[in-house]
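Colleague: I am new to this structure, and I would like to learn how to read its features one at a time. Could you take me through a few of them?

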Amino acid sequence: MNKGQNRCSLATFSSFGQSGISLNNEDLVKEKLLIDCGEDQDCVIDGIVALGKFDALHIGHRELAMYASKAGTPFLLSFVGIAEVLGWEYRPPIVARCDRKRVLTSWAPYCKNVVPIEYQVEFSKVRYLTPRQFVERLSRDLKIQGVVAGENYRFGYRASGDAAELVKLCEEFGLSAFIVRSVMDTARSYNGVTTSVNSSDKGQVSSSRVRHALAMGDMEYVSELLGRKHRLVLTVKENHLQERKRIMLPKSCMLNMPPADGLYENCDLVNGGHLGLCRVIINSETIEIEMKDENSLLPNTIQENQQLGIEFG
């Protein structure tokens, strides 16, 4: 069965609850499973699981999914809630949660026409697992065929495991392990050397680089890192302003990270379909969308609680 075409592309689950929590028998069984996906626990059986945070779903992440598809049915196992657990400052997601399925669907041509399925793990549920415990649960609970990870992948309590240990443990538990070299950022290299955006940056494509490019308002660079145009998703609220060819919304309606404040030409406005070309002005409080064609916004085109997407050219 081609699971990539028959299941939802995003599911959230819990894994391995901490001791001392009072649970009934049914809940206790579910908490001990790495993924709770029904009675048969067959959601990723014999699949190839790509491991990571997958915040930006950039071309490096796509590369992992592509390698997974070469070895079997591709899945993404991503870890969320790390900032909340470790007390980091909140940052809006690069990809809106409701938009991840669309992005993963666009990866199908790179993955033998299979849409990778993503399962999200709450970091709080796995943070205390040792590297051995984590791989054991991949093998025992999920019954996967193998894993794919980047060469800089860290896992286990306090990130104590690296790619080499992952390979060793997978071999011990009878799993295949594919370690993929980082996709390097050649778009912004100078004399063969790429500038760093943080201490762990070695010139590879990363979510940190995407955030840096968004903060600079360099949308051409963002597109190169993502392998697609960045889409800002907005939920229309009752206090929005709509005229014949102009929409103004408060920044509070944003569901993911915007580019820096400024003027952006040659954008596209979408709401499931393409509404038209537009220019976008972002300031400290509002987002103003001005359509190129004054007939693009017919009466009642924009409804309260509707989601709009701005794709930056």
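Predicted model: local features only at pLDDT ≥ 70, side-chain atom pairs only at ≥ 80, totals over all residues.

Colleague: How many disulfides does a search of the whole structure find?

Modeller: A disulfide is a covalent bond between the sulfur atoms of two cysteines, taken here as a pair of cysteine sulfur atoms within 2.5 Å. The search of the whole structure finds zero. Cys 267 is in no disulfide, and the nearest cysteine sulfur, belonging to Cys 278, is 5.2 Å away.

Colleague: Is Cys 267 buried or exposed?

Modeller: Buried means under 20% relative accessible area, exposed over 50%, and partly exposed in between (1.4 Å probe, protein chains only). Cys 267 has 0% relative accessibility and therefore counts as buried, whereas Cys 98, at 43%, counts as partly exposed.

Colleague: Which residues of helix α8 are buried?

Modeller: Helices (H or I, at least four residues) and strands (E, at least two) are DSSP runs, numbered from the N terminus. In α8, residues 207–216, the buried ones are Ser 207, Arg 209, Val 210, Arg 211, Ala 213 and Leu 214. Just after α8, Gly 217 has a positive phi of about 75°.

Colleague: In what order do the seven strands of the open sheet lie?

Modeller: Strands of a sheet pair through backbone hydrogen bonds, either parallel or antiparallel; two strands count as paired if DSSP finds at least two bridges between them. Here the order is β9-β15-β12-β13-β14-β11-β10, with antiparallel pairing. β9 (231–235) and β10 (241–242) stand at the edges with a single partner strand each, so one side of each is left without a neighbour in the sheet. Three bridges join β12 (residues 262–270) to β15 (residues 307–311), and Val 270 has Gly 309 in β15 as its bridge partner.

Notes. Residues numbered from 1 in each chain as written. Heavy atoms only, no water.
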